[in-house]
Amino acid sequence: MFVNNDYVVYGKTGVCQVTNIIDGKSMGLPEDKYYELHPVFDSKEKIMAPVGNPKVLIRKIHKKEQILSSIDEAMEQDTVWIDDNKLRKQKFQELLGSGSFKDCIALVKTLYLKNEEKKKNGRKLHMNDEIIMRKSMKILFEEFSVSLGVPIRDVQNFIINKITQNTAVKHA
């Protein structure tokens with residue numbers, strides 16, 4: 001269970017701060033307890049997430065050491081590009097929806113490298129790939145920013161430098 005002021009990654013929303021734990025029954029809500037979450041990079045939004053619901057993807061953000069270690073591990077792994085647009089969209093949405101930090105890194109790495117390859121040939125990513133890349137980058141960059149204590153605008157260069165140290169995307 002999280003406590004007030006914990007930073008978490010909530011589904012596809014991104015990094016949020018737990019600001020309260022609310023008794024849902026007293027408010028007429030179906031679950032016993034709810035986290036009141038405030039997205040760190042959207043101060044106007046407030047989210048009520050049920051505590052302990054397995055369908056709700058919520059996890060504590062990684063610490064700096066975990067992030068650096070996970071990046072190094074992910075950068076050593078090969079990426080696999082699925083040529084079939086429909087299958088690729090399905091697989092990439094699965095990865096994004098998993099809530100896994102490593103899956104998010106794998107998506108960013110694969111799509112960034114593929115995008116660079118396509119740019120060299122005067123082409124663009126498929127619209128679905130572009131959407132998945134933006135969503136996965138948002139989640140990843142937010143977590144890096146909060147965990148590393150750096151402005152979100154500085155995170156991209158750090159990740160891109162790590163990604164480009166590896167080789168090109170392999171095709172399945």
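These legends go with close-up views of a predicted model.

**View 1. Helix H2 and its buried side.** Let's start with helix H2, which runs over residues 85-97. Look for Arg 88, Phe 92, Leu 95 and Leu 96, the buried residues of H2. They cover an arc of only 95 degrees around the axis, which means they sit on the same side of the helix. Among the elements covering them are strand S6 (80-81), helix H3 (101-120) and helix H4 (127-148).

**View 2. The two ends of H2.** At the start of the helix, a side-chain oxygen of Asp 84 comes to within 3.0 Å of the backbone nitrogen of Lys 86. Just after H2, Gly 99 has a positive phi of about 80 degrees.

View 3. Side chains of opposite charge can pair when their charged atoms come close. Here Arg 59 and Glu 143 form a salt bridge, at 2.8 Å from N to O. Because Arg 59 belongs to strand S5 (residues 58-60) and Glu 143 to helix H4, the pair ties together parts 84 residues apart in sequence. Glu 143 is buried, with a relative accessible area of 0%.

**View 4. Salt bridges within helices.** The whole structure holds 9 salt bridges. In helix H3, Glu 116 and Lys 119 are 3 residues apart, about one helical turn, and their side chains meet at 3.3 Å, N to O. In helix H4, Arg 134 and Glu 130 are 4 residues apart, again about one helical turn, and their closest N and O atoms are 3.5 Å apart. Glu 130 is partly exposed, at 26% relative accessible area.

Key: Residues numbered from 1 in each chain as written. Predicted model: local features only at pLDDT ≥ 70, side-chain atom pairs only at ≥ 80, totals over all residues. Heavy atoms only, no water. Expected span 1.5 Å × (residues − 1). Buried < 20%, exposed > 50% of the residue type's maximum accessible area, 1.4 Å probe, protein only. Arc of directions from axis to C-beta. Contact = heavy atoms within 4.5 Å. Polar contact = N/O pair within 3.5 Å; in protein donor to acceptor, adjacent residues only side chain to side chain. Salt bridge = Lys/Arg side-chain N within 4 Å of Asp/Glu carboxyl O.
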